[in-house]
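The following exercises concern one structure and are each followed by a worked solution. Please study the sequence and the model before reading on.

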Amino acid sequence: CECWQEGERVHIEVPAQWPALIRTNVARLLDMQEVNVIVHQMPYSALYDEYLIQPVILSAIAALAAVKAGLPVVLTDRAFSVSPRIEINRTTKCSTEGKPVSEECRMTAWLGAYAVDDAEFIRQSLTGLLPNYPVKSFRAEVSVKRSRSFPSLFFSGAGYSDALFSTERHATMIADSFETPPAKWKEYVASAKRPFTDYMPSADLRQLAALTAEIEQESDFNRKWASYATQTDEYDLFSFTRGIGLASGCSISGFSTSHNKEYSAQAKITLTEKHNITLLTSFPPSDEFSSLVTKTIRSEIDMGRDSDVIILDNDGTMTDSGADVLERAEGHFPIQLAAACGRLNLQKDEAPVSIVFDCDEKLVPCEFEQRGMAGIIIETKLDNLSFDPVVLEAWVCASSCQEIPDLYLNSMIRRQLISTLRDCGAKFSSDPQRPFRINIVRKDWPQGGLTSLASAVRGLTKAAFLSAMKLCLSGLDQRLPLDAQSVEKAYRQTGGRQ
């Protein structure tokens, strides 16, 4: 973070996911107008939202030092983020036929030393806790507590992925209790829709079952599950320890409707005299974002061949498009941009004309809209020498809109899946006979609108991985991440295998 003063203005050069948050806090600290605080956004890559809170703290210190000393100030620190500690307990009552009748869930999260947006975390978590199977009675409670750590509200999400992980892992446990393969159990209970709630619209559970069916045959899931399920402590038939897990669910992106009504984030689109289109946002530029924005504008506005789409340099802009978190730039913003382009089309004869529009939807009847679906199968083995959990292969079936290019979708899925598995403590197979690989099948999103699958991929990867490892070794704790010490302890407690 570098800070210097020029007359009445203070300049801050820093990688930041939310430049306006820096500008507001520095202006308040120095008792000056926000227009005199210029934030120059540096490029960054923030898989775990490392550049959301930390740059605000560094910028405030550097700005105060620069003003007091009258000299440029440079502060450096290691970028980091903290994963929240989360505990989830679920209890489900089922009929003798194996269908859930009622379910209760309690989730507790420790989110660091001070609050950032606890209410949003609760809304996202409650959405992820909704069962992906029909149940007549459901009750959930989410509580937030403070802890002696760096704020951890945002860690590649805000509660939804971890809640979805719990939901799908619990579904596998219900199927196991009835000695039924998870895929077959999901097909058995998927004859009805999940009802509309205040947090998510109704979901056709048959679509989720169809996604997993696409990769069941390719992965030979049911045969492997039946084979690996015999590796119990009572019936140790094989000299190897392997497992396979399955998870499927819906994805969301961006903030909730309640949050969007309280906090306004905006962007500006302009039709120039030469009939070019310019767009000004505070979102950091990237090839994926530029491509998606350009495609959205050209599909909504009748532009000539000589007209261009220009994404303006946001260096020092006063426009506040909100935080670059929760896949807002890719999964939310283009939808609002398309609506703004429709309004601009009606005034194109009045060029030049500008429209300032909201970056988030505020009129959705429930807190979140579905932004796609995904099904994931992961096959693992337990290394009998190092006790490391090893991932052999992964299969992903994703339901995505046609506006998302295959290259971008596949890259996002691979990045999220691999990073999540590493966070879970997994190693990847380096066996020349069977090296680790990811198989991706894409399906069209039937409901229309833009899709964003990152949040679902993270949660479903955790659920499928832990289910596979529990099939490897039933004595494992229901906790992530796994490590060699905890695996070896469970191995020894169950007698091990000769």
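**Exercise 1: a sheet and its strands**

Within β7, the bridge partner of Cys-105 is Ala-140. The model is predicted: local features need pLDDT of at least 70, side-chain atom pairs count only at pLDDT 80 or more, and totals for chains, interfaces and linings use all residues. Residues are numbered from 1 along each chain as its sequence is written, and side-chain values use heavy atoms, with hydrogens and water left out.

Task: determine in what order the three strands of the open sheet stand, and why one side of β5 and of β7 is left without a neighbour.

Solution. Strands are DSSP runs (E, at least two residues) and helices are DSSP runs (H or I, at least four), numbered from the N terminus. Two strands pair if DSSP finds at least two bridges between them.

Step 1. Strand β6 (residues 100–110) and β7 run parallel and are joined by nine bridges.

Step 2. The order in the open sheet is β5-β6-β7, with mixed pairing. β5 (85–94) and β7 (137–145) are at the edges, each with a single partner strand, so one side of each has no neighbour in the sheet. From one strand to the next, the twist averages 5 degrees.

**Exercise 2: a strand and its cover**

Solution. Buried means under 20% relative accessible area, exposed over 50%, and partly exposed in between (1.4 Å probe, protein chains only).

Step 3. Ile-38 in β3 is the bridge partner of His-11.

**Exercise 3: cysteines**

Task: find how many disulfides the whole structure contains, and state whether Cys-3 is buried or exposed.

Solution. A disulfide is a pair of cysteine sulfur atoms within 2.5 Å.

Step 1. The search of the whole structure finds zero disulfides. For Cys-3, the nearest cysteine sulfur is that of Cys-1, 6.4 Å away. For Cys-94, the nearest cysteine sulfur is that of Cys-105, 15 Å away.

Step 2. Cys-3 is buried, with a relative accessible area of 0%. Cys-94, at 29% relative accessibility, counts as partly exposed.

Terms used
Axes fitted to C-alpha atoms, helices over the stretch in contact; angles between N-to-C directions.
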